[in-house]
Amino acid sequence: MSISPSREFEEPLTLSANFLWGGAISANQSEGAYRADGKGLSTVDVIPHGENRLKIKLGLEENLAIDPSAYYPSHEAIDFYHTYKSDIKLMAEMGFKVFRTSIAWTRLFPKGDETKPNQKGIEFYRAVFEECQKYDIEPLVTLCHFDTPMYLVETIGSWRSRKMIDHFVNYAKTCFEAFDGLVKYWLTFNEINILLHSPFSGAGLVFKSGENHDAVKYQAAHHVFVASSRATKLAHEINPDNQIGCMLAGGDFYPETCHPEDVWAALNKDRENLFFIDVQVRGAYPRYTNRLFREKHITLQTDPTDTEMLQHTVDFVSFSYYASRCASRQMTQSSEANVVKSLPNPYLKKSEWGWAIDPLGLRIAMNTLYDRYQKPLFLVENGLGAVDTVGTDGQVQDDDRIDYLRAHIIAMKEAVVDGVELLGYTTWSAIDLVAASTGEMRKRYGFIYVDKDDAGQGTGKRIKKKSFAWYKQVIASHGENLN
Ligand code: BG6
């Protein structure tokens, strides 16, 4: 949206009055109850905690049977399936205007390909969204957050197969109809670009030896795009008020030096991720893919109807932001801390898990996205993963998290003054949950502490951290009081 040249330029742009403040979680990292009420197995349910985790997430392990001696964090997580009422009550106490969560595809369709949904799954999510409604909290719902049905992985190779499009669209349609009137903001796929970096958790892909990984990934991405576009079209037909977003794991790449080849390397690393949003916002493949696909020996299998279908583009661009990234012409040394490989940036401090802390990078990312797409943005994940301890007084003093969030909210507001349109902000996470990358509980993100450890031991008791009262005051003051 542009502003008129006749407008007075004396007043800075600000957060809109209906700006959505809140927090986020995902089904697989919080709900647990992984076989309750008929739920089927999804990819995340076969990803154990421990040394085999990364190999499986990257799609390099073909044996995906559950090992009884291993620990699978998603199976119990923080038991949100049973505690959602009291947890949402705490979120309401902080003043949340929006609560982001996801629906587990396998609660509605245990195998993924059924025509009729499991009513128990529908009832659970209706109850969650009605609980939000009770407190005037707007749900923001992701349809697929790193949890593809395992049955579809095993029988058709997940998103390698074009058949996935129909299965996903049936699932999406079921959600739009079942939760019509309760949910208006939808995201189709969480961090869609993570499919390239963590193919099994991102898209249920397991590689066979000797095959061209890039060809498999981009073919899967094509099917995901068509599925997302068809879902977007349907959502708009079912209720024109529905707002559909894409979702990027964001953070710009900085060139390590001003050497032109480093700048070119950074541009290409950015493109690798922005490619996904280019398609979902512009409704067509960008021209640079011609060369990219040729050089990577990729021949996409498409259908003549795809070109038209892709034109059903998203209404807004959502993204996560934890850190900026750094690239050079020689990406030999990489930070092991994140699936999106990046060089260390000597100008930035790091979190305990080695993620660069860069609030200005958020402002840069927001300006990049808005300049490129001219669509409203929604910052749907941002936060600090840190070890929190309960003191002898029973309190959790998470000052580092408050400092992190304060600095990022300031940067976010600066981006709005720069001209970026922003619908809302959901921190990661509303409440402690299982870390997606490592499967740990000790990497905590929430305003609410959950008494559970990396082995799943603990009472599950909830404790309000210091950041709980702080964020409550941030929301109440519409982002003005950040002290
Ligand atoms: C994003 C995901 O990648 O980052 C979340 O959408 C995830 O699911 C978050 O939890 C933080 O990453 P991690 O690995 O620290 O949990």
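These questions and answers concern the barrel and the cavities of a predicted model.

User: How many strands does the closed barrel have?
Analyst: The barrel runs E1-E2-E3-E4-E5-E7-E9-E10, with parallel pairing. From one strand to the next the twist averages 25°. The number of strands in this closed barrel is 8.

User: In E10, which residue is the bridge partner of Leu379?
Analyst: Strand E9 covers residues 377-381 and strand E10 covers residues 422-428. The two strands run parallel and are joined by 2 bridges. In E10, the partner of Leu379 is Tyr425.

User: What angle does the direction of helix H7 make with that of E3?
Analyst: Helix H7, residues 163-178, packs on the sheet. This helix touches strand E3 (138-144) and strand E4 (185-189). The direction of H7 makes with that of E3 an angle of about 165°.

User: How much space lies in the second largest cavity?
Analyst: The search covers the whole structure and counts cavities of 30 Å³ or more, of which there are 8. For the second largest cavity, the space is about 120 Å³.

User: Which helices each supply at least two residues of the lining of the second largest cavity?
Analyst: The lining of this cavity has 13 residues. Asn28, Val44, Arg53, Ala435 and Ala436 lie nearest the centre of the cavity. The helices that each supply at least two lining residues are H1 (27-30) and H2 (53-57).

User: How many residues of the lining of the second largest cavity are nonpolar?
Analyst: The lining is divided into nonpolar, polar and charged residues. Of these, 4 are polar and 2 are charged. The number of nonpolar residues is 7.

Key. Residues numbered from 1 in each chain as written. Predicted model: local features only at pLDDT ≥ 70, side-chain atom pairs only at ≥ 80, totals over all residues. Heavy atoms only, no water. 1 Å grid on protein atoms, 1.4 Å probe; cavity = no way out; pocket = protein on both sides within 12 Å on 5 of 7 lines; lining within 4 Å. Points joined across faces, edges and corners; volume = space filled by probe spheres on them. Helix = DSSP H or I, 4+ residues; strand = E, 2+ residues; numbered from the N terminus. Nonpolar A, V, L, I, M, F, W, Y, C, P; charged D, E, K, R; others polar. Pairing = 2+ DSSP bridges. Axes fitted to C-alpha atoms, helices over the stretch in contact; angles between N-to-C directions. Contact = heavy atoms within 4.5 Å.
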